[in-house]
Every structure is written in structure tokens, then in C-alpha cells.
Amino acid sequence: MAMSLPHQIGAISGTHVVAEVGGVPGEAPASATVSAVWRTPGPNLRVSAQNPVSEIDRVSPSPPMSPVLGGMRADLTVAAQALMDSPFTVEEFTDEREYTVGGGALEKWGKKGVPVYVMMPLDSVTWNHTVNRKKAMNASLQALKSAGVEGIMMDVWWGLVERETPGEYNWGGYTELLEMAKKHGLKVQAVMSFHQCGGNVGDSCTIPLPKWVVDEIDKDPELAYTDQWGRRNYEYLSLGCDTLPVLKGRTPVQCYSDFMLSFRDNFEHLLGDTIVEIQVGMGPAGELRYPSYPEQNGTWKFPGIGAFQCYDKYMLSSLKAAAEAYGKPEWGSTGPTDAGQYNNWPDDTNFFRKEGGGWNGEYGEFFLSWYSQMLLGHGERILQSAKSIFENKGVKISVKIAGIHWHYGTRSHAPELTAGYYNTRFRDGYLPIAQMLARHGAIFNFTCIEMRDHEQPQDALCAPEKLVKQVALATREAQVPLAGENALPRYDDYAHEQILQAAALNVDGNAEEREMCAFTYLRMNPDLFQPDNWRRFVAFVKKMREGKNVHRCLEQVEREAEHFVHVTQPLVQEAAVAMMH
């Protein structure tokens, strides 16, 4: 997922999050339950640097530190009980006419506008292959359906399904969860999650790669992405070995293909009806990128530039061949040696600095072209497979691209470069990605849709709005559908308005017929069912579904949704009470 100012912390951990939040200037901060905290960047930036290219101790108003998780893990079981105890029948929540109590019909949502999906908890399926918190899940899905939500997005974890033995798949929990979604009339975006869950802020559980894959990495650590200091990353297999039979006789791409084939064969009866989209994971956090900003063990902190991940022997072998073909064999033994460390800023390094930086010279162009093309090739290989497996099955294929918005205002765009997006002030790095997706008829799914430039720490030259605009223009030129996600859990109208504006795709001031093809909301958790959050969410979903051509203010939509919110009040009140205890 895309990292951002306080990072993503909104999994359904159910934890009671307490942080210091600022109030009226001059008054003491109050303790409040929050999902994320924003602080205005202070006027002073303290920098301690003795060597401009060494790692520095920089104290900045970079994103507020993620609140410390503590307190009790709340369970949404009470939400289920609230729904069961409600005077309204289940049929009133799930009827196709979407009736509310008393026979007054809530107007049908219609097909125009942008359908909203909601991400499921990361741990929706247990290690025992059952649905986690089943009663709570049922109640929550009923509530989402009644709110006009189109469907849900669920991670289908490689590390759960093919955990013990190569080629043996256990779909137990997913069979149950998909049937549950079908029962409630919800569509499903199924994410083929070939990455590890855990180790980054926002990961509420740990699901490693399949045990037998980890065993193979232990035997050959070069299968893992590696930085120039020899640090290995176990989040996702290095794309350098994509086509090599390093996994007990199979290549990684073959393993991904076999997994998708088994998924197709097991759930063919749901494809095109309940399962409408397959999002293919292609890297850490399921995104097409390198693991250049790993948070585990404090390796990287926002807004550091990250580090190139091309030092396993398979990647270096490719780099050596590319350098020889280019006529500069001396460039093939290593990546840039002057690109700083994970938590440097661009101008701390020779490679990324704005004046005379190596990124803008012949070597930089060679290396960055190779590095980004390797990532595009990885996407091509997996998409070719996914397309053939799901062809004529009535499902769309999508790929998630990270919203790396920090240091976007610099010339080099260093964090994007280390992640594999060759995007600089002088080069569009998102058009080649969009064109690659277009060749396979895939959807470009992009994060950080909810962010505004001025909410970010200004010293880091963050520009999420400009980044979203650039991506929208690239997808328009490539004629690729664009879908969106929010990178942080946000429940306020201000974020909702930003999403509505971005989803309309009025990127150059001219009205288009085009809108985002879908939006996925992060995430179904106890905070979503807090009464005020739920009221705003219902109005937001309705406004998204009405589309860009319905010119009504959000407040008016909220008033129209009040009756519906009243109906579901027992559910959200009980969920809120659970969060407080």
C-alpha cells in the first residue's frame, strides 16, 4: 500500500487507539480515540548532518508517528448481536429493493457513478481455514449492503492457501467467505496476495509466504530482494528469479499461475457474478513495485528516499548482461553507490541531488531504465498468465500501483525511482505502466486518492494531488480504466470530498465523460461503525453512486440518508460501545 503521513493503521485490529491530538491553539492537547493524527508542520526543521551522503539524523515534521496500539482488541460480534436484536428483519436489510423500515423505499442506487467497495480485514480467514469472527462478519456485510456498497475486496493469501506443500491448496475459509458475500448480494474483488502480510504499519496480523517457499529462501537467500548492504527482504520473491525453476522445480511465475488456476477452478461458479475482479499482486503490499521503503525493524521512516533493491545475484546477473549490451560492462557490477541510505533526503546524496545528480546523467538513465523495465517485465509476465487463466470468465483484471507522493516536488523524485517508477521532472514514469496494463486490458488501481497537498509535511515537498492528476492523465492517454483507493483510514467529510473530486477525473479543468471505474474504501473495521463515521460513510457512498453529473451538496445527501442511518443505529451504537470497552 502507499505510505503516507501517519501511514496506514486501519486494519480491523479492533484495537483501541489513543493518541495526543491538538486542539485550540494555546490549549493543552486532549487524549482521543483516533485512527490517524495530522499535525501542521512546525516552522523549524532540525538537521544534523556531518557528511551529506551519509545517513543523517533528521528531525522533521514528517508524518506524525503512528499512534501506539494498545488496549483491548474489540470484536465486532456485538455488531452482529445488535443486528439480531434490531426490530428490523434481515430481509429489510438485504431485499433487492433496498427497503427501509416502514415500507419507505430508499431510492435505488442505479448504475451510473462510481461503485464503492470496502476492504475486508486482513485476517478475514483464519489459519484453520475458517471465517474469522463469523457472526460479526455477517452483520457487517449486511450493513455494508444496506448502505449501497457495491461489494468487498478480500486478500486471498498465498501463505494461507498453499501453506505447507507445493501444489496443495486449501480454499476452505475463502469458500465460506465468498458464499457469505454472495448471500448478501455483494460483489467481490479478489486479490491474489503473493506477498507477506506483517511488518509494516497497518498490518494487523502476520501471514508469511508459504512455509515451503520460506524454506527455499533459507536455502538460497538470493531469492529475496536485497539492498546494497546485504539486507534481505522476505515480503515478496525477487523478480530476478521470475523465470528460473527455483521453487522445487517450478518458477515463481508458474507458482503464481498455478495458484490462480486453482482459484479459477474452485470458484468458477462465482466468476462474473459474485467475483467480478481479480487484482493480481505483483510485489510488497500487493503493489507493482520494489520493497524500497520497508518499515520492519525501523529500516525506513517516512519521508526517506528508500533504497534500490537490485543486489541479489539474479538481479545483478541481469544488470551485468544489460551493461554489456549497452557497451559499458563496468556499469554491470553494482547499482548506484552514491544514492544514500533509506532515510536520506534527495539532496543528501550525490545521485539524487537536483544539480548535477547522477540520476540525470548517462549512467543514471541507463540504470533507471533497466531497473524500471525489469519491473514492467515482471508485470507483463504475470498479466499474460492471469489474462489467459481468466479469459472469458466475466472478470476484470487489475493491478495496484503505489501512491509515492513524498519528494514529488523535487527534480529527481527519488522515492519513486527506488520503488521502480522512472518518473522525474523530465520524464513521465506512469505512462509506460499504463500502456503495459492497456496491452492486457487491465485496470490501473491507484492509491492516495484521499490526500491533499497541504495536509502533508511541506518540507518533504509532498504532492499527492499532483501525482493523482499525473496518473489520471497517463491512464487517459493509454485508454486504461482507473480505479482508486485511499491510503489511510479516513472518515471525515474533507477526505470524502477529495475522493469525490478525484473520482470525477476532471484533471485538466474540462469535464469528461470518464469517471473512475471503481473505488475501494480502506477498511472495514470498528471505527467505520462509529455513529458519526457511519453517517458520513453512507452519504459518501450515495454521492459516489450518483455520479459527477448530479450537482447536489454532500450535506443534502446526508439529510436524505438520515432515515437510513436511523434504521442501522442499533448496529453502529453497539459497535461504538464495544470500541470503548
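Hi everyone. Before we start, please keep in mind that what you see is a predicted model.

Let's begin with the whole chain. The protein chain has 16 helices and 15 strands. Of its 581 residues, 61% count as buried. Take the contacts in the chain with a separation of 6 or more: residues 24 or more positions apart account for 76% of them.

Now come inside with me. How many residues are in the largest nonpolar core? There are 151, and Leu144, Trp158, Ile275 and Phe444 have the most contacts inside it. Helix 9, residues 362-390, gives this core its largest share, 13 residues. Leaving aside neighbours within four places in sequence, Phe444 touches residues including Val399, Ile401, Tyr430, Leu437, Val471 and Pro481.

Next, find strand 11, residues 275-280. Is this strand enclosed or open? It is largely enclosed by the rest of the structure, because 6 of its 6 residues are buried. Strand 11 has parallel partners, too. With strand 8, residues 187-193, it pairs over 5 bridges in the parallel sense, and there Ala190 has Ile278 as its bridge partner. With strand 12 the pairing is again parallel, over 3 bridges, and Gln279 stands opposite Ser398. A handy thing to remember when you look at any sheet: in a regular strand, side chains alternate between the two faces.

Let's move to the annotated residues. In an unreviewed UniProt entry, the annotation "binding site" covers nine positions listed as Asp155, His195, Asp203, Lys400, His405, Thr447, Asn486, Ala487 and Arg523. I'll pick two of them. His405 lies in the loop between strand 12 and helix 10, and it counts as buried because its relative accessible area is 0%. Arg523 lies in the loop between strand 15 and helix 14, and a cis peptide bond joins Leu522 to Arg523, with omega about -5°.

Now for the cysteines. A disulfide is a covalent bond between the sulfur atoms of two cysteines. How many disulfides are counted here? The count comes to 0. Take Cys241: its closest cysteine sulfur, in Cys255, is 9.9 Å away, so the two are too far apart for a bond. Cys241 is buried, at 0% relative accessibility, while Cys517 is partly exposed, at 25%. Cys448 is buried at 0%, and its phi is positive, near 60°. You'll find Cys448 in the loop between strand 13 and helix 12.

Last stop: helix 13, residues 493-503. Among its buried residues are Ala495, His496, Ile499 and Leu500. After this helix comes Leu505, with a positive phi near 60°.

Terms used
Residues are numbered from 1 along each chain as its sequence is written. This is a predicted model: local features need pLDDT of at least 70, side-chain atom pairs count only at pLDDT 80 or more; totals for chains, interfaces and linings use all residues. Side-chain values use heavy atoms; hydrogens and water are left out. UniProt positions are given in the numbering used here, feature names are shortened, and annotations may be inferred rather than shown by experiment. Helices (H or I, at least four residues) and strands (E, at least two) are DSSP runs, numbered from the N terminus. Buried means under 20% relative accessible area, exposed over 50%, partly exposed in between (1.4 Å probe, protein chains only). Two strands pair if DSSP finds at least two bridges between them. A nonpolar core is a set of buried Ala, Val, Leu, Ile, Met, Phe, Trp, Tyr and Cys residues joined through side-chain atoms within 4.5 Å. Contact means heavy atoms within 4.5 Å. A disulfide is a pair of cysteine sulfur atoms within 2.5 Å.
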